[in-house]
Structures are given as C-alpha cells and as structure tokens.
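Here is a short briefing on one protein model. Please look over the sequence and the structure before reading on.

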Amino acid sequence: MERDAGGGEGMSAPATRPDSSYLLRKLHSLSGILPVGAFLAEHFWSNSAALVSAQKYNDVSQELQTIPFRPLVEWVAIFLPILFHGGYGVYIWWRGRSNVSQYPWVGNWLYTTQRYTGLITFAYIGWHLYTERWLTHGKSTYASVAEDLTHPLYLTFFLIGIIAASFHLGIGIWNFVCKWGLAATVQAQQAAGKLGAAVAFGMSLVGVLIVISFRFNWHPFAWYAAGK
C-alpha cells in the first residue's frame, strides 16, 4: 500500500503538535477533489459542447470568457489549487517509493498508476494552459483548437493527457474516500473503487470523443441543436 516517506500520517512528537506533512497531505487529497477535480469535470462538460456543433462550442466558450471577475476566479479556484496539488504531488512522488515488483497488490498498482498519471497530467495541464489560455489570451475557438489538433504530436499528447487526467481523478476519488474515512468497510472501499473506475473510463471516453469531434469536424449531437 502507499508508503508515507515522511514517517506516516500520524502526529509528530510531541503528540500535541500536528504533523505538518499530515496536514499538507490531507489538503493535497482534498484539493484533488475540490476544486481541481470539480474543475476538470466542468472543463470536460463545457468542451463537450463541441459534440453538438462548432457554434455551440464557441457560444459556451464565449460565455465562460466573459464571466465577472474572471482573472480572480481563475487564480483562486483553478491556477493556484492546481499549482499546489501538482507541485506537492511531485514532492510526494519524489519522496515516496512503491513496491509493486515485490508485492503486486491492487493498492500498490493504484499507488504507482496515480503517481505517474499525476506527473503526466501536471505536465499536460501546464502545456494546455499555455497553448489554449495564454497564447490565445483566453479566446480560443473551435477553429483554433481544430487547427492545433491537425498536428500529430499535439494530437497524441492531447489524448495521453486526457486519459491520464481521467484516471488520475478516478483513482484520486477512491483514495480520497478511503483516506478520509468515508469508506470504512471492505465493501464500501470496493464500491468506492468501482466509482473511481467508472469516473476514469467515463471521462476518458468523453474526452476522446471531444478530440474526435475537433479532429474530424464530427458532431453526433447536432440533432439536439436542430430540435431546439
């Protein structure tokens, strides 16, 4: 199972003083769900407008670009939490070790998968923000994203990043529920694992479909807009 390189998630000596690493790990676990995980889910949801039509995607994008106090909301609710979660996650990865080869238990495999998908996701989010937020000044359109995805390397990294982010969140949900004592029994932990797997596979599927929409100008839900 997960190894705490900092000496455990208990109390430091003396027992009356909270262990800062324990508190940081708890905050790190929480931030992966709220707000980072919630933002990821919302991002997938808003981008799924591409499955309806290019115009629908542009309308949704324009609405998000014009929300009040946008820079403040982005930094407080998105950028800073991502920097903390990703940066401290890299620190945990650097300090910790898994023992998959010696003890190939499910927990160890999930530990390793979560760490490496986290590294990929952190790199992908940074690159994605740079190319789709900073370079476009937050005004990317369906056409600009579709143009970017005509480049093979860009397309490949896009797909890898989406799948890595989806599985990182799915495993993170399972980990969060177990670590925070929300699933105390074996049955509850198994149910949490199934929920995490459903999130991972479901978001991966949606993400890949969105990429296909941009790459091939494919809009399977165009009938929805036509019926309005």
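The notes below go from the whole chain to single residues.

This is a predicted model, in which local features need pLDDT of at least 70 and side-chain atom pairs count only at pLDDT 80 or more, while totals for chains, interfaces and linings use all residues. Residues are numbered from 1 along each chain as its sequence is written, and side-chain values use heavy atoms, with hydrogens and water left out. The protein chain has nine helices and zero strands. Helices (H or I, at least four residues) and strands (E, at least two) are DSSP runs, numbered from the N terminus.

**Confidence**

- The protein chain has an average pLDDT of 86, and 86% of the residues score at least 70. pLDDT is the predictor's confidence in each residue, from 0 to 100.
- Among the elements, helix 2 has the highest mean pLDDT (96) and helix 9 (residues 222-226) the lowest (80).
- Over residues 1-15, pLDDT stays under 50. The model has 33 contacts beyond four places in sequence for this stretch. A contact means heavy atoms within 4.5 Å.
- Where pLDDT is low, the predicted coordinates should not be read in detail.

**The whole chain**

- Of the 228 residues in the protein chain, 39% are buried. Buried means under 20% relative accessible area, exposed over 50%, and partly exposed in between (1.4 Å probe, protein chains only).
- Among contacts with a separation of 6 or more, 74% come from residues 24 or more positions apart.
- The chain exposes about 13,100 Å², and carbon and sulfur atoms supply 71% of it. Accessible areas come from the Shrake-Rupley method with a 1.4 Å probe; for residues, only the protein chains shown count as cover.

- Helix 1 has 14 residues, which should span 20 Å at 1.5 Å a residue. Its end C-alpha atoms are 20 Å apart, which agrees. The expected span is 1.5 Å times one less than the number of residues.
- The buried residues of helix 1 are Ser 21, Arg 25, Lys 26, His 28, Ser 29, Ser 31 and Gly 32. Their cover includes helix 2, helix 4 and helix 7.
- Pro 35 sits in the loop between helix 1 and helix 2. A cis peptide bond joins Leu 34 to Pro 35, with omega about 10°.
- Helix 2 (residues 36-47) should span 16 Å, and its end C-alpha atoms are 16 Å apart, which agrees.
- In helix 2, the buried residues are Val 36, Gly 37, Leu 40, Phe 44, Ser 46 and Asn 47. Helix 1 (20-33), helix 3 (54-65), helix 4 (70-95), helix 7 (152-179) and helix 8 (186-216) are among the elements that cover them.

**Salt bridges**

- The whole structure holds two salt bridges. A salt bridge is a side-chain nitrogen of Lys or Arg within 4 Å of a carboxyl oxygen of Asp or Glu.
- Side chains of opposite charge can pair when their charged atoms come close.
- Arg 133 is buried, and so is Glu 74.
- Shared partners join Arg 70, Glu 74 and Arg 133 into one network.

**Surface patch**

- A nonpolar patch on the surface has about 1,200 Å² of accessible area; its residues include Leu 64, Phe 69, Val 73, Trp 75 and Trp 134. Patches are made of residues with over 30% relative accessible area and no salt bridge: like charges are joined within 9 Å, nonpolar side chains (Val, Leu, Ile, Met, Phe, Trp, Tyr) within 5 Å.
- Helix 4 and helix 5 (106-134) each give two or more residues to the patch. Helix 4 gives the most, with six.
- Val 73 lies in helix 4. Its relative accessible area is 38%, so Val 73 is partly exposed.

**Loop residues**

- Phe 69 is in the loop between helix 3 and helix 4. Its phi is near 55°, a positive value in a residue other than glycine. Phe 69 counts as exposed, at 64% relative accessibility.
- Asn 217, in the loop between helix 8 and helix 9, also has a positive phi of about 55° although it is not a glycine.
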